[in-house]
Amino acid sequence: MFPSLWGKKVAAKDYSGTIVKAHESVTRFKVGDKVYGQIEFTEKIKSGAGTLVQYAICPVETIAKRPTQLSAIDLAGITTVAQTAFSMIETADSLFQNKNKNPRVLVCGGSSTVGLMAIPILKHKGAFVASTCSKTKFDVVSKRGADETFDYRSKDFQKNLKDATEKDGKFDLIIDCVNSHDVWLISPKILQKGASYVNVGFDASQGTLTAIRRNLSYSLLPTWLGGVPTKYVRPAGVGTRKTMDTLEDLVNKGVVTPINDSVFEWEQVKEAFARLQTNQTIGKVVIKVP
Ligand SMILES: NC(=O)c1ccc[n+]([C@@H]2O[C@H](COP(=O)([O-])OP(=O)(O)OC[C@H]3O[C@@H](n4cnc5c(N)ncnc54)[C@H](OP(=O)(O)O)[C@@H]3O)[C@@H](O)[C@H]2O)c1
């Protein structure tokens, strides 16, 4: 009922493992199945449950069967970012209905874990994908499928984006994984009229209050007070059976591939969290539970 403020809290939300017990109502999975998935966000908030444990209770809606060609480690961290990427792309689903059209999509933060997941999904849907990231990560982002890359640290970043869209056409959708304020400000110039700017990021680098104020202004500040006239969307990002089925399908087909940054043994838990805190990770940090 109430958020778990006291008592034991277990870290992590994603997992990969084997079913050791199933509720009698469950027909889709059986004991012994190799699976991956996530525990419910609301459950995590309510009870402090997590997946950095030997046994976790997981809702059937967000479990998928692991294909034999991939290991438990390969898929241990894939679910939450995939659910997030799906929830962003789903908001503009009608864009991808016409198979003869190749919508132009800009993914801000292609090297973030959400970005690494969104790019191959968008490519699979037939999009032309441009992406912003650091120059040093152009290679990583291109290997995930991006057709064009923009260095967000370049002093000409906004100009380069505007020049490119003048030449090749405006974007039909912007998927912002990192709360790229620079891109939001020029969005009317690079995004088709009426098209969506979908953001899941939260950039607190200039303070949490600034980030909250900015994010509120995106949807609430009218243009006559200086607001940007772009359709702003903030998806809920809740995992569903439908998106889990899509993920399972795309993993089985090899469209979505593992995105691990590093793998740590149980005895190295502290090192694993230290790696996370470097903010230098490209993909997920996985911990092996004995
Ligand atoms: N992970 C999830 O499942 C999830 C779910 C919901 C929401 N979110 C939110 O999504 C955001 C990203 O999370 P994440 O876990 O995907 O991030 P992450 O893996 O930690 O990656 C962030 C990376 O994005 C790059 N970046 C930062 N600012 C950028 C900018 N303005 N333009 C282009 N690239 C930029 C940085 O690369 P450089 O080091 O090269 O600068 C950084 O390494 C966070 O705000 C998070 O709260 C994440």
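Q: How far apart are the centres of domain 1 and domain 2?
A: Taken over C-alpha atoms, the centres of domain 1 and domain 2 are separated by 27 Å. This is a predicted model, in which local features need pLDDT of at least 70 and side-chain atom pairs count only at pLDDT 80 or more, while totals for chains, interfaces and linings use all residues. Residues are numbered from 1 along each chain as its sequence is written, and side-chain values use heavy atoms, with hydrogens and water left out.

Q: What makes domain 1 and domain 2 the parts of this protein?
A: Domain bounds come from an automatic or database domain assignment. Here the protein is divided into domain 1 (14-79 + 239-287) and domain 2 (82-233).

Q: Which residues supply 35% of the area that domain 1 buries against domain 2?
A: Buried area is the accessible area (1.4 Å probe) that two parts lose on being put together, summed over both. Between domain 1 and domain 2 about 1400 Å² is buried, and carbon and sulfur atoms give 66% of that. T243, I259 and I282 supply 35% of the area that domain 1 buries against domain 2, more than any other three residues.

Q: Why is the pair K242 and E90 called a salt bridge?
A: The term requires a side-chain nitrogen of Lys or Arg within 4 Å of a carboxyl oxygen of Asp or Glu. The closest N and O atoms of K242 and E90 are 3.5 Å apart, so the pair meets the cut-off of 4 Å. Across the interface of domain 1 and domain 2 the rule finds 1 salt bridge.

Q: Why is T51 called buried?
A: Buried means under 20% relative accessible area, exposed over 50%, and partly exposed in between (1.4 Å probe, protein chains only). T51 has a relative accessible area of 8%, so T51 is buried. T51 lies in the loop between α1 (41-47) and β3 (63-65); helices (H or I, at least four residues) and strands (E, at least two) are DSSP runs, numbered from the N terminus.
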